[in-house]
Every structure is written in C-alpha cells, then in structure tokens.
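Hello,

Here is the structure I promised to pass on. Have a look at it first, and then read on for my notes on what turned up.

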Amino acid sequence: MSSRSGSRSARLLVVGLVAASLAIITLDYRQGDAGPLAGMGRAAQTFMAPMQQAVTTVTRPVGDFFSGLAHLPSMARENQDLKEQVATLQTQVSGDVQRQAELQRLYDLLGLQTSLDPSAVPAVVIANGLSNFDYSITIDKGSNDGVKVGQPVVTGSAESPRLVGQVVSVTPISSDVQLLIDRNFNVAGGLATSGETGLVTGQGDQDLSMSDIPPGTKFPEGLPEYVFTITYDVGGQHGRYPPNILIGEVSSVHEGSNSLDTDVSIRPAVDFSALEFVLVLQSPTGETSP
C-alpha cells in the first residue's frame, strides 16, 4: 500500500516539474532577452568563458600541428616549385647578363672596324688549337671574304684595339690565326712611356718576352707600363701591324745576362681563352715583316 503511494507521489512530482519547466520556457520565449533563462545563460557564459579560453589555448597548437602534418606533402611540392622558379629566374638573369656582355663586345668591335684604315673583316672564332705546341684559333672567314695569309688580327674597341695574332692559312670559308702567345710569333713593339722599341716574342702559356730594350731604360714607378705595336718602312719593307695596337702590360723587368739590354715580360692584353669575335685587317700591298 505504501509502495503504491510512493510511486504515485513520484509521478506527480515528475508531472509537476515538467509542467513548471514548460511554463518557464514559455515565459522565457515570450520575454526574449529579458526572460529568466536568458539571465542565467549570460551568467553561465561569463563563468565558462575563461575556462573555454584556457582549453582553446592548450588545444589549438596541437590542432595546428596535426593540421600542418596533413599539409606537409603539398607544402613540400610548393617549396620545390618555388626553388625551380628561382633557379629558372637566375638562369634567365645570367643569360641576359651574358647576352648584354656579348652585345657590348660586338658594339666595341663595330666601333673598331669603322675606325680602322685599311678596312677589316669581322669574324667569329669557331675553334681553337691551344696546346703546348700550337697556339692558334680558327675563324669563320676565308678567301671568299678577302682574308689572306699574313694579315693581322685584332679585337677590342676603337678606344683600345688589342692584338690577337696573324693569319697563317686560308680556305675559301675559314682561316687559321697564329696567336700572339705562340712561340713562333714575333712583333715589333714600343714602350708607351720611354718610346724604346724591341722585339716581342710569344712564350706559350707564359708572359710574352720583349728583348733589345737598352739597359737603364726608365719604367714608371707604381704605374702600369704598356706595350703597343709600332710601324716602320725600311727598304721597301714595312711593318705588318698598324701602330698603337695594344700588345700587353709590362709584368716584370730584369737586366739581361750580358748587361747590354733589358729583358721585359709582358702580360697579353687579350684573354685568349674567352676570345669570341675578331677583326682581320686588310693589309696594304707590299712586302711585310714583323
């Protein structure tokens, strides 16, 4: 009997609570933000906000870490793509610099060509024979272009023409040029400061040698001394090379063993390992010598 009474009381309590809840919810809905539950919700939110912030601070780095792990493959691909783009741009910039340098050399050569008398034939170096026994190059111009054996070959600009060598063999479409540094090459040269003259001879991979310089010849102290080609006309023979073409810069001076002359070493003005363009000078008629 008592158990039935307790069960009935419990049911009545549940029904009462449900009815009260519905009444409160209805009242809160009708009153909106002014309702009783809204105030309790704001209070709960105020209480929970610091704890939510703390939880977010702790868990966010962990979430970012796992998110980063998920994106690692795509990030690696993007990084590789960027590296490839940088490499491509660097190659383009390097190519542009090289093309600009090549264009400048061509402009210089054009200026030199227009300043020369007699005229000259422009040519491109297509092969070289730099070795311990043969210091020569091959150019893409030959007898069809007016190139002849013995003609001088130069490079540089109108302001600073530089001696390369001389033509030693010719075909209709190409020619071989003996370089200034060849051991069998000789050219008459003069010192810029004193005007003393001597014979410049190639020494292979060593500096050029200039002999027949009088002892006691003065050389500028602390300043460079240059050697240029000279010209002459003796007994119907004249120099093969026009005057004032730069041969090189004096690198050392020492007295000869017999004290009758001074031996001079000369660093060539041309970098033969990087030579690309040259001019073949159209020599005047008549016999020639170094």
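Which residue forms a salt bridge with aspartate 140? The partner is lysine 141, and the closest N and O atoms of the two are 3.6 Å apart. The term stands for a side-chain nitrogen of Lys or Arg within 4 Å of a carboxyl oxygen of Asp or Glu, and the structure holds one such bridge. Side chains of opposite charge can pair when their charged atoms come close. Aspartate 140 is partly exposed at 28% relative accessibility, and lysine 141 is partly exposed too, at 21%. For these labels, buried is under 20% relative accessible area, exposed is over 50%, and partly exposed is in between (1.4 Å probe, protein chains only).

Before going further, a word on the ground rules. This is a predicted model, in which local features need pLDDT of at least 70 and side-chain atom pairs count only at pLDDT 80 or more, while totals for chains, interfaces and linings use all residues. Residues are numbered from 1 along each chain as its sequence is written, and side-chain values use heavy atoms, with hydrogens and water left out.

Now the chain as a whole. Its secondary structure comes to two helices and 15 strands, taken as DSSP runs numbered from the N terminus (helices H or I, at least four residues; strands E, at least two). Of its 290 residues, 28% count as buried. The accessible surface is about 18100 Å², with 57% of that belonging to carbon and sulfur atoms; the areas come from the Shrake-Rupley method with a 1.4 Å probe, and for residues only the protein chains shown count as cover. Among contacts (heavy atoms within 4.5 Å) with a separation of 6 or more, 55% are between residues 24 or more positions apart.

Some of the strand pairing may interest you. Strands pair if DSSP finds at least two bridges between them. β6 and β9 (residues 226-229) run antiparallel and are joined by three bridges, with glycine 189 opposite threonine 229 in β9. β9 is also joined to β12 by three bridges, again antiparallel, and here phenylalanine 228 stands opposite leucine 246.

Next, the aromatic rings. Rings of Phe, Tyr and Trp (its six-membered ring) pair if their centres lie within 6.5 Å, and planes under 30 degrees apart count as stacked, over 60 as edge-to-face and the rest as tilted. The count comes to one pair. Phenylalanine 185 and tyrosine 241 have ring centres 6.1 Å apart and planes at 50°, so the pair is tilted. Phenylalanine 185 lies in the loop between β5 (175-179) and β6 (186-191) and tyrosine 241 in the loop between β11 (237-239) and β12 (246-255), so the pair ties together parts that are 56 residues apart in sequence. Both residues are buried, phenylalanine 185 with a relative accessible area of 0%. Leaving aside neighbours within four places in sequence, the contacts of phenylalanine 185 include Leu163, Gln178, Val200 and Tyr241.

Finally, two backbone angles to check. Most residues other than glycine have a negative phi. Aspartate 212, however, has a positive phi near 70°; this residue is in strand β8 (residues 208-213) and is partly exposed at 48%. Asparagine 244 also has a positive phi near 70°; asparagine 244 sits in the loop between β11 and β12 and is exposed at 55%.

Best wishes
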